[in-house]
Amino acid sequence: MSEVTRSLLQRWGASFRRGADFDSWGQLVEAIDEYQILARHLQKEAQAQHNNSEFTEEQKKTIGKIATCLELRSAALQSTQSQEEFKLEDLKKLEPILKNILTYNKEFPFDVQPVPLRRILAPGEEEHLEFEEDEEEGGAGAGSPDSFPARVPGAAIFFEFKHYKPKKRFTSTKCFAFMEMDEIKPGPIVIELYKKPTDFKRKKLQLLTKKPLYLHLHQTLHKE
């Protein structure tokens, strides 16, 4: 095993453990990001030309299957359905396979197939396997988010502020906000901003900053 391959397997293993840790802690947004980033790396390696890869074709097929399982777990975390989900305990069975990919010669434990490399993240984002450190509170509110997706996990509408960091080549969730269902009515509304990770259960909320920083919205409701 070359030093390059050894280092690559170590980075993959570290990323896998980070994602599983976030998953077990209930930090779903961070887990999804980590799983998707690692899946992109694995898919890229699985589809590399033979002369550009130190892995055999059979090993690359296994790597591609692990990437598929990462995407299945990522999709399960984003799904509201409870049936036929790919569970965390299922995913953890793959860690020793990935770690020992050069000597693994058993049947893959799940009936999945490698999927083509698909671009989901921001340009250059798949090159970054390290999670960013939290920024200091003094930087809160500086600049504007690059994207502003909304989610509806159950009985509230969540807004996540995401921004792309060119130096780290990584898209990060800066903060989030949410509206209770009784707050959905025509007109203006001002809601508080909370520190990441997004807490869909709303049990451990922490304000983003002590400064008077809020999300100002104006709602217009349309009847079908």
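Analyst: Helices (H or I, at least four residues) and strands (E, at least two) are DSSP runs, numbered from the N terminus. Numbering runs from 1 along each chain as its sequence is written. Since you're looking at a predicted model, local features need pLDDT of at least 70 and side-chain atom pairs 80 or more, while totals for chains, interfaces and linings use all residues; side-chain values use heavy atoms, with hydrogens and water left out.

Now the packing. A nonpolar core is a set of buried Ala, Val, Leu, Ile, Met, Phe, Trp, Tyr and Cys residues joined through side-chain atoms within 4.5 Å. Buried means under 20% relative accessible area, exposed over 50%, and partly exposed in between (1.4 Å probe, protein chains only). The largest core holds 30 residues, with W12, L42, L70 and L94 having the most contacts inside it. Two or more residues each come from α1 (3-25), α2 (28-46), α3 (57-78), α4 (88-92) and α5 (95-99), and α2 gives the most, seven. Skipping neighbours within four places in sequence, L42 touches W12, I63, I66, A67, L70 and L98. A second, separate core has 12 residues, including F161, M179, I189 and I191. Back in α3, 16 of the 22 residues are buried.

On to the rings. Phe, Tyr and Trp rings (the six-membered one for Trp) pair if their centres lie within 6.5 Å; planes under 30 degrees apart are stacked, over 60 edge-to-face, and the rest tilted. That rule gives nine aromatic pairs. One of them is F22 with W25, edge-to-face at 6.1 Å centre to centre and 90 degrees between planes. Both sit in helix α1, three residues apart, about one turn. F22 is buried at 13% relative accessible area, whereas W25 is exposed at 57%. F108 and F110 are edge-to-face too, because their centres are 6.4 Å apart and their planes at 70 degrees. F108 is buried at 11%, and F110 is buried at 16%.

Finally, ring pairs join F158, F176, F178, Y194 and F200 into a cluster. R202 lies over the face of F178, 5.7 Å from the ring centre; a charge counts as over a ring if Lys NZ or Arg CZ is within 6 Å of the centre and within 35 degrees of the ring normal.

How values were computed. Contact = heavy atoms within 4.5 Å.
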